[in-house]
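Biologist: Before I plan anything around this protein, could we go through its structure together, one question at a time?

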Amino acid sequence: MWARWVLAIGLGSLLLYVGVVHGLVRRDISRSSSRGPAHVTGARAAVAGTAIGVAGLALIALGAMTALSWHAQILFYGLWAVAGLGAVTFFLYARSV
């Protein structure tokens, strides 16, 4: 059981780092594509960084809820929705134009 919350908090921390450092501070997200490496910069990188950072925070909260055995069903499913929407928004904005 402990593996779930450790993995959720660890992955959430990694996503939060990518969102804040690469998306908001550097405003440069590198990604690979079939045509080679690509960079997403500027406002698109900031939106992508914000989205993946929020998804990371949602995963950290989900991990904390699991670790503390605190069950609030609406909040639990709402956090999953936030994490999913953040990941989808990240991949939509991280596409090279």
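Biologist: Which residue in S2 is the bridge partner of Ile29?

Modeller: This is a predicted model, and in it strand S1 covers residues 28–33 while strand S2 covers residues 36–41, the two running antiparallel and joined by 6 bridges. Ile29 takes part in this pairing, and its bridge partner in S2 is Val40.

Biologist: What pattern do the helices and strands follow along the sequence?

Modeller: The protein chain contains 3 helices and 2 strands. When these elements are read along the sequence, the pattern they give is α-β-β-α-α.

Biologist: Is Ala46 buried or exposed?

Modeller: Ala46 belongs to helix H2, which spans residues 43–67, and, leaving aside residues up to four places away in sequence, Ala46 touches Gly23, Leu24 and Arg27. The C-alpha atom of Ala46 is separated by 8.4 Å from that of His22, although the two residues are 24 apart along the chain. Because the relative accessibility of Ala46 is 10% and the cut-off for this class is under 20%, Ala46 counts as buried.

Biologist: Are H2 and H3 roughly parallel or roughly antiparallel?

Modeller: The axes of H2 and helix H3, the latter formed by residues 73–93, come within 8 Å and cross at roughly 155°. Since angles over 145 degrees fall in that class, the direction of H2 relative to H3 is roughly antiparallel.

Biologist: Which hand does the crossing of H2 and H3 have?

Modeller: On the H2 side, the residues making the contact include Val47, Ala51, Ile52, Leu59 and Met65, while those from H3 include Phe76, Leu79, Trp80, Phe90 and Tyr93. As H2 passes H3, the crossing is left-handed.

Biologist: What share of the contacts in the protein chain with a separation of 6 or more comes from residues 24 or more positions apart?

Modeller: The protein chain has 97 residues, of which 30% count as buried, and its C-alpha atoms fill a box of roughly 45 × 25 × 25 Å along the principal axes. Among contacts with a separation of 6 or more, the share that comes from residues 24 or more positions apart is 64%.

Biologist: How much of the accessible surface belongs to carbon and sulfur atoms?

Modeller: The accessible surface of the protein chain comes to about 6200 Å². Of that area, the part belonging to carbon and sulfur atoms is 71%.

Technical notes. Residues numbered from 1 in each chain as written. Predicted model: local features only at pLDDT ≥ 70, side-chain atom pairs only at ≥ 80, totals over all residues. Heavy atoms only, no water. Helix = DSSP H or I, 4+ residues; strand = E, 2+ residues; numbered from the N terminus. Buried < 20%, exposed > 50% of the residue type's maximum accessible area, 1.4 Å probe, protein only. Contact = heavy atoms within 4.5 Å. Areas by Shrake-Rupley, 256 points an atom, 1.4 Å probe, with all protein chains shown as cover. Pairing = 2+ DSSP bridges. Axes fitted to C-alpha atoms, helices over the stretch in contact; angles between N-to-C directions. Parallel < 35°, antiparallel > 145°, perpendicular 65-115°, else oblique. Left-handed = near helix turned anticlockwise from the far one by under 90°.
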